[in-house]
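Biologist: I'd like to learn how to read a model like this one, feature by feature. Can you walk me through it?

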Amino acid sequence: MALISMPSPEEPKLKRRLEARHLEMIAIGGAIGTGLLLRSGTAISSSGPVGALLCFAIVGLQVFGVSAGIGEMATLLPIDGGFSQFPSRFVHPSLGFATGWMYFITWVLTIAAEMAGVAGLMSFWVSTSTIQPWIWSLAYLAPLAFLNLFPVKGFAEVEFVLCILKIASIVVFLVIGLVVWFGANDTHRPLWFTNWAPAMKGDNSVDLFLRIAKNFTTAFFAYGGTELVGLTAGEAVNPRKSVPRAINGTFIRILIFYLGSLLVVGLILPPDSTFLLAPDVTKSPFVYAFKSVGILPAADIMNAIIIVAAVSAANSSIYACARTLMRLADEGSAHRIFSKVTKGGVPINAVILCIFVSLGSIGIAYSAGPNGSVHVFNWLAGFISYGVMIAWMVMSFTHIRFRNGYLAQGRKVEELPYIAPYFPYVDYISLYIGTVVTICWVFSSLYTNGKPRDEFFNLPWLMANSWLYCGVPLSFGLLFGHGLIYHRKAIGEANVWWALVRYDEMDFDTGRVKETEAELEEIELTHKRPHGMKEWGRRVLYKLF
């Protein structure tokens, strides 16, 4: 098996069946899962409402920059498996190898994390003494596996419906939360900012810093998946139309669905509320909002919504890791058996492997004892957060080199089908955020803050800091292992193995799509200024949903 990155073929093996509405909904709804709906309350409880908002706002700013950069590259080159292909083309083959494998591992572990979350949520209705949690994980994973074995259209339609349900539930929560804030609560008076006491939690400045630093893990875990449009572009019907439309509303969607939800929760609940710790769904802040306005079966409704969100996130995870593995196999970075694609455009062997790895992760979680699923979920969340952040930083750096190489070859920015705004500032901001967050993570993970070492470095620490002793060594091992062992052999001992791809050698043509006349007219129509209230309303809905 050769482990050398190679150019993508001229003709994609996957089928272009994803429509604009699918990409737009996946871009925002596919990422919403247990990270936002179940774990966000702990961020407020730990660092206060303003501290949690600060974490999510900083990571949201990075999401905006990363999404814009990926959108520019994926619109010009709508290839599958962009998270390994783009770094290989525009930075270094070893970086593409390492990023592709880290992205695959991140998503395959996300499947297990979401399924573990579903099992815990089902125990709200059915006791674990009646039905074991692992049975629920298998029961929900089986139909998702079956769905992803069929052409991508089926995945897209199911994900479209699930995303609508998730987004609608968040909109309803925002409305009800504001009603509670204005007086529909136990005090029958507007709450204003009385629950911002304190606005940021911490015994001193060092303790405050440590609390905020640790909450970046929750933020990255919650936002993970907002960059999925970079993968879906390879199966989009008209990527020059659908990819920009999916990207353009990213900033507004982050403000409303992520920061808006966190703001409302912080306004209606004090930081020491038991509803923020969410040991079970009955203590979820979302349930509190529903109960406050007299919706008695609030816990049941919210439990069902969070299960839908987790199932949707797991569905997107199977799609993402299978496409990433298929691209790695096409490049020679994985066994060629995983490059097999059915006539319907399904990477069948890659999907099957993703399912079996997920089953193994789920099995390990439940074999670790009664609290095994909780510990393993925390372990997975730490690794996944690091994997998401590394992928984003790599794509921001890749976009900088992509644009510089594009100009160095005498091409014009105006010729790009989509131009990322605020280049290169948003890319540098993304790299800066990733670097600072990594430093914060290291400090918060190793600084005991006055606690005895044997009490600080315990089992919860081991589960929460998997990124430090597992994620970091793995990512650097993949990068330098490939470079020193395989890439150096490919280019010869006389050449420097760490030299980046030269600007004049970058390939901006392989994988480009030539649109039909009808598609070009459709693209031009989306760029025209709307006429009348009906068209303006439609544009606003496109931005939001």
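**Reading the backbone, the core and the confidence**

Modeller: Let's begin with a glycine: just after α12, G294 takes a positive phi of about 90°. Keep in mind throughout that this is a predicted model.

Biologist: Fine, and α12 itself: how many of its eight residues are buried?

Modeller: Six of the eight, so to call a residue buried here its relative accessible area has to be under 20%. Helix α12 spans residues 285-292 and is mostly covered. The buried ones are P285, F286, V287, Y288, A289 and F290.

Biologist: Which helices do those buried residues pack against?

Modeller: They pack against α2, α7, α11 (250-268) and α13 (298-330).

Biologist: Back to phi. What should I expect for residues that aren't glycine?

Modeller: Most residues other than glycine have a negative phi, and most peptide bonds are trans. With that in mind, look at W192, which is not a glycine and yet has a positive phi of about 50°. W192 sits in the loop between α7 and α8, and the residue is partly exposed, with a relative accessible area of 45%.

Biologist: Where is Y422 found, and is Y422 buried or exposed?

Modeller: Look in the loop between α15 and α16 for Y422. The residue is exposed, at a relative accessible area of 58%. Its phi is positive too, near 60°.

Biologist: And the peptide bonds: which one is cis with omega near 0°?

Modeller: That's the bond from A197 to P198. P198 lies in the loop between α7 (152-181) and α8 (205-223). Another cis bond joins F423 and P424, with omega about -5°. P424 belongs to the loop between α15 (372-408) and α16.

Biologist: How many cavities of 30 Å³ or more does a search of the whole structure find?

Modeller: Two. About 120 Å³ of space lies in the largest cavity. It is lined by 15 residues, and the closest to its centre are W107, T110, E114, F221 and G224.

Biologist: Which element gives the most to that lining?

Modeller: Helix α5 does, with four residues. At least two residues each come from α2 (34-37), α5 (93-122) and α15. By class, the lining of the largest cavity has six nonpolar, eight polar and one charged residues.

Biologist: Last topic, confidence. What is the mean pLDDT of the protein?

Modeller: The mean is 85, and 88% of the residues reach 70 or more.

Conventions
Residues numbered from 1 in each chain as written. Predicted model: local features only at pLDDT ≥ 70, side-chain atom pairs only at ≥ 80, totals over all residues. Heavy atoms only, no water. pLDDT = per-residue confidence, 0-100. Buried < 20%, exposed > 50% of the residue type's maximum accessible area, 1.4 Å probe, protein only. 1 Å grid on protein atoms, 1.4 Å probe; cavity = no way out; pocket = protein on both sides within 12 Å on 5 of 7 lines; lining within 4 Å. Points joined across faces, edges and corners; volume = space filled by probe spheres on them. Nonpolar A, V, L, I, M, F, W, Y, C, P; charged D, E, K, R; others polar. Contact = heavy atoms within 4.5 Å.
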